[in-house]
Amino acid sequence: EGKTICAIDDAINFDFGKSEIKPESYGYLNSLAETLKRTNAKILVKGHTDNRGSEEFNLNLSKERAKAVMNYLIDRGVSSSKLSYSAFGMSQPLTDNDTEEGRRMNRRVEFEILK
């Protein structure tokens, strides 16, 4: 409880500027769904982006990505009462956005364990 799991390093992928989850992400999300179904844990899905694009665009994109992940988990049998989402856009980078590596790390989905 109170811990955050950061899904970077290609765990959850989207095309540039899009919110549709790429198929290579399904294995990670399916494992997460199975874990959530076996536990009483509740999670907050948190969407983040890099700094390319406007603040408004990135905030909306991070919202749509977090919502897509939440809906994917619900579609895999996780109770919607265990899930919520939030969007942060480019406001909480893990590292600088000066390199492609930094931007890749900042484009992420995090899962905060609430209970």
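Let's start with Glu-110: setting aside neighbours within four places in sequence, Glu-110 is in contact with Thr-4, Ile-5, Cys-6, Leu-44, Val-45, Lys-46, His-48 and Leu-94. Please keep in mind that this is a predicted model.

- Glu-110 belongs to strand S4, which covers residues 109-113.
- Is Glu-110 buried or exposed? Its relative accessible area is 8%, and because buried means under 20%, Glu-110 counts as buried.
- The side chain of Glu-110 has a polar contact with the side chain of His-48, at 3.1 Å.
- His-48 is also in the contact list of Glu-110, together with residues including Leu-44, Val-45 and Lys-46.

- Ala-87 sits in strand S3, made up of residues 83-87.
- Not counting residues up to four places away in sequence, Ala-87 touches Gly-47, Leu-59, Ser-62 and Lys-63.
- Between Ala-87 and Ala-41 there are 46 residues of separation in sequence, and their C-alpha atoms are 20 Å apart in space.

**Fold and overall shape**

- In what order do the elements of the chain run from the N terminus? The order is β-α-β-α-β-α-β, with 3 helices and 4 strands in the chain.
- The radius of gyration of the chain is 13 Å, close to the 13 Å that the globule rule gives for 115 residues, so the chain is as compact as a globular protein of that length.
- Taken along the principal axes, the box filled by the C-alpha atoms is roughly 40 × 30 × 25 Å.
- Among contacts in the chain with a separation of 6 or more, 73% are between residues 24 or more positions apart.

**Burial, surface and charge**

- Of the 115 residues in the chain, 37% count as buried, and Glu-110 is one of the buried residues.
- The chain has an accessible surface of about 6400 Å², and carbon and sulfur atoms account for 47% of that surface.
- How many positive and negative side chains does the chain have? There are 18 positive and 18 negative side chains, and the centres of the two sets are 6 Å apart.

How values were computed: Residues numbered from 1 in each chain as written. Predicted model: local features only at pLDDT ≥ 70, side-chain atom pairs only at ≥ 80, totals over all residues. Heavy atoms only, no water. Helix = DSSP H or I, 4+ residues; strand = E, 2+ residues; numbered from the N terminus. Buried < 20%, exposed > 50% of the residue type's maximum accessible area, 1.4 Å probe, protein only. Polar contact = N/O pair within 3.5 Å; in protein donor to acceptor, adjacent residues only side chain to side chain. Contact = heavy atoms within 4.5 Å. Rg over C-alpha atoms; globule rule 2.2 N^0.38 Å. Areas by Shrake-Rupley, 256 points an atom, 1.4 Å probe, with all protein chains shown as cover. Lys, Arg positive; Asp, Glu negative; His and termini not counted. Charge placed at Lys NZ, Arg CZ, Asp CG, Glu CD.
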